[in-house]
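Please report on the fold shown here. Cover the contacts, the helix packing and the confidence of the model.

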Amino acid sequence: FRHRRLLLREDIPMKHEDIDDVATELVRPPNIFQSGDLVDRLRNPWWHEVIPLALARASRPFAEKFFEGFVDSPVLEENWSFANSCLDEAAVTILDPFLAKLASPETPDSRKVRLLQLLRQKKDPALAEVCRTLVKTATSQLAAEAQEILRRFEASTTAEVGGPRASKPIA
């Protein structure tokens, strides 16, 4: 019943508190929506406030299923700010589907560039490893995006271990 009620509201504008209630309802067990149902609604503007809020409350299994479908969605090309919001707001960021697409020879370079642009702020060792490969084998634009992620990753890991000016321990 709750599932039908949400679908009937898709064309009705909502107030912020309604959006929050819907997002909470989406991920509350038992899940009335499967994460794939949300992927099917990525192109519907009615859901653009609800989905990031739902992802902020989502469990790891819910987020995994969502991002598996999200990575293939045309929304990555069509609505950049919404795609960023989904990734930024997620309580659990799942990079595996993105990494698989980046490593796949079947994924067009233009899609890989878009994925790297979306992941630019992520500092993950597995992402850095994929980027090291892309820098060596990719077209110039793809290699440049991969190099930018590597630069940010290396700067963040250097800063975490004390940076290049860290003093040596006293013996």
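Among contacts between residues at least 6 apart in sequence, 67% join residues at least 24 apart. The model is predicted. Of the 171 residues in the protein, 42% are buried. The protein has 11 helices and 0 strands. From the N terminus on, the order of elements is α-α-α-α-α-α-α-α-α-α-α.

**Confidence**

Mean pLDDT for the protein is 77. A pLDDT of 70 or more is reached by 70% of the residues. By element, confidence is highest in α8, at a mean of 95. Confidence is lowest in helix α1, residues 2-8, at a mean of 41.

| Stretch | pLDDT | Contacts beyond near neighbours in sequence |
|---|---|---|
| Residues 1-17 | below 50 | 29 contacts |
| Residues 164-171 | below 50 | 2 contacts |

Where pLDDT is low, the predicted coordinates should not be read in detail.

**Packing of α7 and α9**

Two packed helices are described by the angle between their axes and the distance between the axes. What are these values for α7 and α9? Helix α7 spans residues 80-89, and helix α9 spans residues 109-119. The two pack at an angle of about 55°, and their axes are 10 Å apart.

On the α7 side, the contact is made by Trp80, Ala83, Asn84 and Leu87. On the α9 side, Arg114, Gln117, Leu118 and Leu119 take part. By class, this contact has 5 nonpolar, 2 polar and 1 charged residues.

Helix α8 covers residues 96-103. Its buried residues include Pro97, Phe98, Leu99 and Leu102. Which helices cover them? The cover includes α5 (60-70), α7, α9 and α10 (125-137).

Thr107 sits in the loop between α8 and α9. Is Thr107 buried or exposed? Its relative accessible area is 8%. The cut-off for buried is under 20%, so Thr107 counts as buried. Leaving aside residues up to four places away in sequence, Thr107 touches Lys101 and Lys112.

Definitions and conventions: Residues numbered from 1 in each chain as written. Predicted model: local features only at pLDDT ≥ 70, side-chain atom pairs only at ≥ 80, totals over all residues. Heavy atoms only, no water. Axes fitted to C-alpha atoms, helices over the stretch in contact; angles between N-to-C directions. Helix = DSSP H or I, 4+ residues; strand = E, 2+ residues; numbered from the N terminus. Contact = heavy atoms within 4.5 Å. Nonpolar A, V, L, I, M, F, W, Y, C, P; charged D, E, K, R; others polar. Buried < 20%, exposed > 50% of the residue type's maximum accessible area, 1.4 Å probe, protein only. pLDDT = per-residue confidence, 0-100.
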